[in-house]
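Dear colleague,

I am handing over the structure that we spoke about, and below it you will find my notes on what turned up in it. Please read them with the structure open beside you.

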Amino acid sequence: MSRVLIIGAGGVAGVVVKKCAMLPEYFSEIHLASRTVSKCENLQNEVGKDRVVGVYKVDADEASEVADLIRKVEPDLVINVALPYQDLPIMDACLETGVHYLDTANYEPKDEAKFEYSWQWAYHERFKEKGIMALLGAGFDPGVTNVFTAYAAKHYFDEIHYLDIVDCNGGDHGQAFATNFNPEINIREITQRGKFWENGAWHETDPISVREDLDYPNVGVRASYLLFHEELESLVKHFPTLKRARFWMTFGDEYLTHLRVLENVGMTSIKPVDFQGQKIVPLEFLKAVLPNPGSLAEGYTGRTCIGTYVTGMKDGQEKTIFIFNNCDHAVCNDEVGAQAVSYTTGVPAMIGASMMLQQHWMKPGVWNMEQFDPDQFMERLSQYGLPWQVIECDSPFKR
Ligand code: NDP
C-alpha cells in the first residue's frame, strides 16, 4: 500500500500525476489537492477516478489546512509540486502529522529572491526526531543534476574538482515570450545576481553577464549564461573536494531583449506597488498575462539537453566526463500532453517518490538528492522516459 498526496496542479504536477498513475505497483492510491480544485478535477478526468481517487481544495500557505487534509487522506508521502513559497507550511504539516515529504524547489520567501536551502535544512533534526524523511529538490535541476554528480563521483573519479551544470532548451514554442515553468519563479531566478563557487568562496557576477557558447549534443551551439542555481549550494557542501562549481543556462537574443525591456519598466519587480488603491506585485501581474507554461506543449518542437560536466582525478590522471539527457518536447507531448521542461521535472519527482516509498532511499531527516546512492535512480531515469549518456571529453571550459 503506497498512498500519495500530490499538492499543486500546474505544469509539473500534471506530469507527476500522469506518471504516478501509470505505475500502480509504486503508487497504489493517488490523491490530488491544489488551490484551484477545477485543475485537480481536470487531471482526475484525464487519468481516471480509479487512479486519482480524491481531489481537494487546499491553501498550502496554511500549514493547518494541509495538516487537516493529511489527517483525512492519511498518505505515506506528500509530493509538493506547488510553488516554493509553500515548502515550509507543507513541511510543518508533515512534521505535525508524521508523514514523509518531497519537493522540487527550495523554499522562497515571497518578498525576497534567495534561492538557498537554509530554511529547509533547519528542519533536519525535527524530521529525524519524528522519524520522517524530506527529499529536497527532486526535479531535473535541482535533482537529476545532483544525482549525475553523485554518479560521476562514485563511478568515474577518485576525487572531483570542477563542476559545470548546463541547462539548454533548444526548443521552439512559437511564442514571442514565455517561460517554461512558473513565470514568477523562473524570472526571479534569472534576474538575480549570478554566483559561483571557486576556491572555497562564493563569487558574484552581474545578472546574465558571463557567457560561453557551448555545443550541446543533438542540439548545437547555444549562448549559455552563468546563473546561480540552488543545487550548487548543496553540491559544494556535500562534495568538499570541488574547487569550482558553476551553472549555465541558454537564452536566445529575443528572450533576453524581452526580459531586459520588462525589467527596465519595472515589470519583473517583486516589490508591491500601489495600483488604483490596491497593492499589486508587478511580477505576479506579469505572470497573469504571460502564456501558462502548461499550455505550451502543443506544437513545441526541438529538444532540451541538460547535464553535468565533471572534471577530476582518476588513478592519478585528470579527466572530464559529460553526463546528459536529451528530451524531445513533441515526444513528451505525445506521451503525457506536456512540454519537456515540465516532463524533465515531473519524471524525477515521480522516481524520487518511488525510491522513498520502496525504502531504497529512506532515512529520517532532510536530505538532498546527492546524499543517496545514485545507481537505482539512474536506472529508473532510463526506464521511465529520461535516458542519459556519459561521454569522456575535453572540458569546454577554461580554467
Ligand atoms: P505552476 O504555476 O504551473 O503550478 C503551480 C501549482 O501550484 C498551481 O496549480 C497552483 O495553483 C498551485 N499553488 C500555488 N499556490 C498554492 C497554494 N497556496 N496552495 C495550493 N496550491 C497552490 O508551476 P510549475 O508546475 O511550473 O512548477 C511547480 C514547481 O516545480 C515550482 O516549485 C517550480 O519551481 C518547480 N520546478 C522545478 C524544476 C526542477 O528542475 N527542479 C524545474 C521547473 C519547475 P493555481 O492553479 O491556483 O495557480
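Arg-35 is found in the loop that runs between strand 2 (29–34) and helix 2 (37–47), and in this predicted model Arg-35 counts as exposed because its relative accessible area is 57%, over the 50% cut-off. On the surface, Arg-35 gathers with Lys-39, Lys-57 and Lys-287 in a patch of positive charge.

The loop between helix 1 (11–21) and strand 2 holds Tyr-26, a residue that is buried, with a relative accessible area of 9%. Leaving aside residues up to four places away in sequence, Tyr-26 touches Ser-2, Ser-354, Leu-357, Gln-358, Arg-380 and Tyr-384. The C-alpha atoms of Tyr-26 and Val-4 are separated by 9.9 Å, with the two residues 22 apart along the chain.

Another buried residue to look at is Gln-120, whose relative accessible area is 1% and whose place is in helix 5 (residues 118–121). When residues up to four places away in sequence are not counted, Gln-120 touches Asp-87, Leu-88, Met-91, Tyr-101, Asp-103, Ala-105, Asn-106, Tyr-107, Leu-136 and Val-366.

I turn next to the salt bridges, of which the count comes to 19. One of them joins the side chains of Lys-110 and Asp-61, at 3.5 Å from N to O. Lys-110 lies in the loop between strand 5 (100–103) and helix 5, and Asp-61 in the loop between strand 3 (52–57) and helix 3 (63–73), so the pair ties together parts that are 49 residues apart in sequence. Both partners are partly exposed, Lys-110 with a relative accessible area of 43% and Asp-61 with a relative accessibility of 30%.

How far apart are the closest N and O atoms in the salt bridge that Glu-108 forms with Arg-188? They are 3.0 Å apart, and the pair links distant parts of the chain, with Glu-108 in the loop between strand 5 and helix 5 and Arg-188 in helix 8 (residues 183–191), 80 residues away. Glu-108 counts as buried, at 1% relative accessibility, and Arg-188 is likewise buried, at 3%.

A further salt bridge brings together the side chains of Glu-204 and Arg-193, at 2.6 Å from N to O. Because Glu-204 lies in strand 9 (residues 201–205) and Arg-193 in the loop between helix 8 and strand 8 (194–198), this pair ties together parts that are 11 residues apart in sequence. Glu-204 counts as exposed, at 51% relative accessibility, whereas Arg-193 is partly exposed, with a relative accessible area of 39%. Elsewhere, Asp-68, Arg-71 and Glu-96 are linked in a network of salt bridges.

How values were computed:
Residues are numbered from 1 along each chain as its sequence is written. This is a predicted model: local features need pLDDT of at least 70, side-chain atom pairs count only at pLDDT 80 or more; totals for chains, interfaces and linings use all residues. Side-chain values use heavy atoms; hydrogens and water are left out. Patches are made of residues with over 30% relative accessible area and no salt bridge: like charges are joined within 9 Å, nonpolar side chains (Val, Leu, Ile, Met, Phe, Trp, Tyr) within 5 Å. Accessible areas come from the Shrake-Rupley method with a 1.4 Å probe; for residues, only the protein chains shown count as cover. A salt bridge is a side-chain nitrogen of Lys or Arg within 4 Å of a carboxyl oxygen of Asp or Glu. Lys and Arg count as positive and Asp and Glu as negative; His and the chain ends are not counted. The place of a charge is taken as NZ of Lys, CZ of Arg, CG of Asp or CD of Glu. Helices (H or I, at least four residues) and strands (E, at least two) are DSSP runs, numbered from the N terminus. Buried means under 20% relative accessible area, exposed over 50%, partly exposed in between (1.4 Å probe, protein chains only). Contact means heavy atoms within 4.5 Å.
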